[in-house]
2 protein chains.
Amino acid sequence: MIRLDANSDIPLYRQLYQYFAGEIEAGRLEAGERLPATRELAGQLGLNRTTIAAAYELLESDGWISGEVGRGSFVRQRRAGTSRKSIIWNELLPSAGSFRGSSGHTAGTLISFATSRPSEQLFPLEEFRQTCRETLEDPGLAGMLQLGSPGGYEPLRRHLLEEARTEGVAGPNDDIIITNGCQQALDLLCRVLVRPGDPVAIEDPVYPGLKNLFSQAGAQLIGIPVGQVDQIQRHRPKLVVVTPNFHNPTGETLSLAARRELLRLPGAVIIENDIYGALRYEGQALPTLKQLDETGGTILIRSFSKIAFPGLRVGWVIGPRPVIQRLMDAKQLTDLHTDQFSQAVLLRFQESGRLAEHQKSMLFAGAERLRAILRACGQFLPAGSTFSRPQGGMNLWVQLPEFLDAGELLARSQASGVNYLPGKHFSVSRNWSNALRLSFAGLSTLQIEQGVSLLGEVFSGEMAAQPALAMV
Amino acid sequence: MIRLDANSDIPLYRQLYQYFAGEIEAGRLEAGERLPATRELAGQLGLNRTTIAAAYELLESDGWISGEVGRGSFVRQRRAGTSRKSIIWNELLPSAGSFRGSSGHTAGTLISFATSRPSEQLFPLEEFRQTCRETLEDPGLAGMLQLGSPGGYEPLRRHLLEEARTEGVAGPNDDIIITNGCQQALDLLCRVLVRPGDPVAIEDPVYPGLKNLFSQAGAQLIGIPVGQVDQIQRHRPKLVVVTPNFHNPTGETLSLAARRELLRLPGAVIIENDIYGALRYEGQALPTLKQLDETGGTILIRSFSKIAFPGLRVGWVIGPRPVIQRLMDAKQLTDLHTDQFSQAVLLRFQESGRLAEHQKSMLFAGAERLRAILRACGQFLPAGSTFSRPQGGMNLWVQLPEFLDAGELLARSQASGVNYLPGKHFSVSRNWSNALRLSFAGLSTLQIEQGVSLLGEVFSGEMAAQPALAMV
């Protein structure tokens, strides 16, 4: 019996592929056996015949089966020698358990709220070109192309550290390391600070790339509702990871009082992920935890990815010297150092004032888009829905009436041309089945309005179809 | 009592800094206490006074001490609040145990054989500039700067996979992932394939970045003498990591017979690090293990780092589809994806034929440099020394007469203006105290000749000073 999961992030044709490849690998389907005809199998599974055909094509191109015109598809003889030394990869490889499908490239999707990234329409390409051309004339070009050091490209390190010192973000005992964006910053910190069983407090809901990373490192994850810092202390975590500004996925900002309370936690190391901090569209900026912390127990992560070009992977960590030294050791083993040409280009992009100019247009567009999504959510989401009211960043968090399952409704939304990430992907310990994240920064105000309007139709349609439930 | 290690890779002033910072942090030196005068301490320790002054300057700039003109240096009061919630980083952070000092940037060194990297004098800067300028005009530029996918920049992936298929390096069940150079390829493979306690066979001596990586992952390392593949099977390793072409540090190449024998190992996964494969200066190219392997149990690693620009971190892994899929999952958690602009630039550098042109000049220079170092070793190394005879790559392995310790002689060599990496850094289970690695690819033939000549003097001088030992 073939079981497929329509709500999975893995497309149906690929699930089907995996099923057959597994059966062949395990010997349950033997060489020469005929696979069911596509029409027949489509009927059995209630699927479109092209889905079956796509799976068979992939099986054929990967050498699992061969098709014979007019006769059907047959399991192929494995290559000679396979039995003698073949590796059963599925037994050897531990279960993946990681998160796939954040790319949001679902076929046929017109409007995708699924990815937290800037709009490439806003990229100042001519300024980028000019910055590259200038960097290419730098007398230090050969040095940029040579093997570098794990801490990062020295002129960029110096620049960012000085900037941090000026802002009061870096103290005299702090140092800096350049990483491949925030994700690698978190990964290196995880390697250096987390041992299996360590209690680590993270926000719930939380960005899956953070949750999965610490969970794979064997941390004992403690999900803290966003903003409820008073609930942290009784868990006595070794580490607290927070995104105080425009948290992903909720878009929420930690109040000054909560920041101060967090800093009173005895003995815990705080990792402050400030990836969205530069994208405040309204309201007063608050000091970072790192600025408020007088004890040197906070480690700050920042990045160029959200405010400039995510395709160039450059972020950084500011923290106490002993931590940064260990991060450099870990970085050296991980990938030696971050791409130096991109570091040099981003340094020049910043020093030339072009980054500040670009940030202005990002803030202008972001403010517009934020207003648009708040307006659209107010107008189109069904009664009983709630949503966060971010002051910046890229994400907004919607909670539908409890009996609606955003994961189950995703397929129907995609069929209407709209994509999003259901709440379940962000779940630590709470159940977020009725929630979804809408990443609005990459879409025009028109797309936002259309997209939320279409979502509203899907969700309201489901409510209308479940009147009994709606009464509960 | 202050103990400093003159043979350490850590400069003396920094060791001194660490000593005092540690004493202050531990409370053994209290606020207000006066540090010894530089002249006095220099006398006690038999060091130059500038070394002491450099350590004190760093202590002062980091806020540990403050200097008062005419009175001396005093331990500073720690900042308020420190005692309440200060993190004792040295207790929290596990011991580093990793390898520092491969950069070879020792002050005063004129000729460094310490780093396995190409010469930046050979970088074709104008061709690189032209390639960048063309890439900047690519209509897909905005896409390159946008968030990418963990497998790599699609046009580069396709190009490299097609090339690998044409060469017979990739079979129908293989796929490819782009990584930040070979180091990250090894790191991702380690994450995906190694569990604590797994027996992993590696060559002895071996590149420290490989040994430390697998050792930190908890692998049970089995050191196999380079080329002795018949010694592997009795250890029943889960994984075998080999560099068949121009192995680092020995420069040796695995014979065709040994390659075939390796592939007869039952059940072990083979990781073939082919980072130097394109740098063959003489002799016939041999097929890769991946080409010879008919069972799909070999995973191949390659990189642009040694043949183009190490400062752009782009390498790749070719292996069975299930492995590559897991590597992509791990890559997504590690750093999302590799810098896309550099991937696009390197693709164009290759497609335009510029890489092939550059490779020609690398091969020409490499052949000259290889001849120069072989000649110089024959001429200048003391009697009783042996050295490898590589046919390519960047490294040559010297074994001095057994009673000489290359680690102990390093300080004296550096004082003569020559740097190298002593054999101890490459040791898995054998003792390589009398060995050293000479990385010759980054130096001119003149530097090579001068450098080896100076080393010869240091080593011969030591032999002359130990006539009794030399008799043994």
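This is a predicted model: local features need pLDDT of at least 70, side-chain atom pairs count only at pLDDT 80 or more; totals for chains, interfaces and linings use all residues.
**Exercise 1.** Find out which rotation superposes chain A on chain B, and name the relation behind it.

*Solution.* Start with the superposition: turning chain A by 180°, with 0.2 Å of shift along the axis, places it on chain B with an RMSD of 0.3 Å. That is the relation of a two-fold axis. Next, look at the contact residues: 99% of those in chain A recur in chain B, and the same surface serves both copies.

**Exercise 2.** Work out which parts of chain A are linked by the salt bridge between R348(A) and E134(A).

*Solution.* First check the pair itself: the closest N and O atoms of R348(A) and E134(A) are 3.6 Å apart, and a salt bridge needs them within 4 Å. Now place each residue: R348(A) sits in helix 14 (residues 340-351) and E134(A) in helix 6 (residues 125-136), 214 residues apart. Finally, consider accessibility: R348(A) has 27% and is partly exposed, and E134(A), with 24%, is partly exposed too.

**Exercise 3.** Decide whether R412(B) and E462(B) are buried or partly exposed.

*Solution.* Begin with how they meet: R412(B) and E462(B) form a salt bridge, with their closest N and O atoms 2.9 Å apart. Then apply the cut-off: buried means under 20% relative accessible area. E462(B), at 12%, is therefore buried, whereas R412(B), at 42%, is partly exposed.

Definitions and conventions:
Residues are numbered from 1 along each chain as its sequence is written. Chains are lettered from A and ligands numbered from 1 in the order in which they are written. Side-chain values use heavy atoms; hydrogens and water are left out. Copies are superposed by least squares on the C-alpha atoms of residues with pLDDT of at least 70 in both. Contact means heavy atoms within 4.5 Å. A salt bridge is a side-chain nitrogen of Lys or Arg within 4 Å of a carboxyl oxygen of Asp or Glu. Helices (H or I, at least four residues) and strands (E, at least two) are DSSP runs, numbered from the N terminus. Buried means under 20% relative accessible area, exposed over 50%, partly exposed in between (1.4 Å probe, protein chains only).
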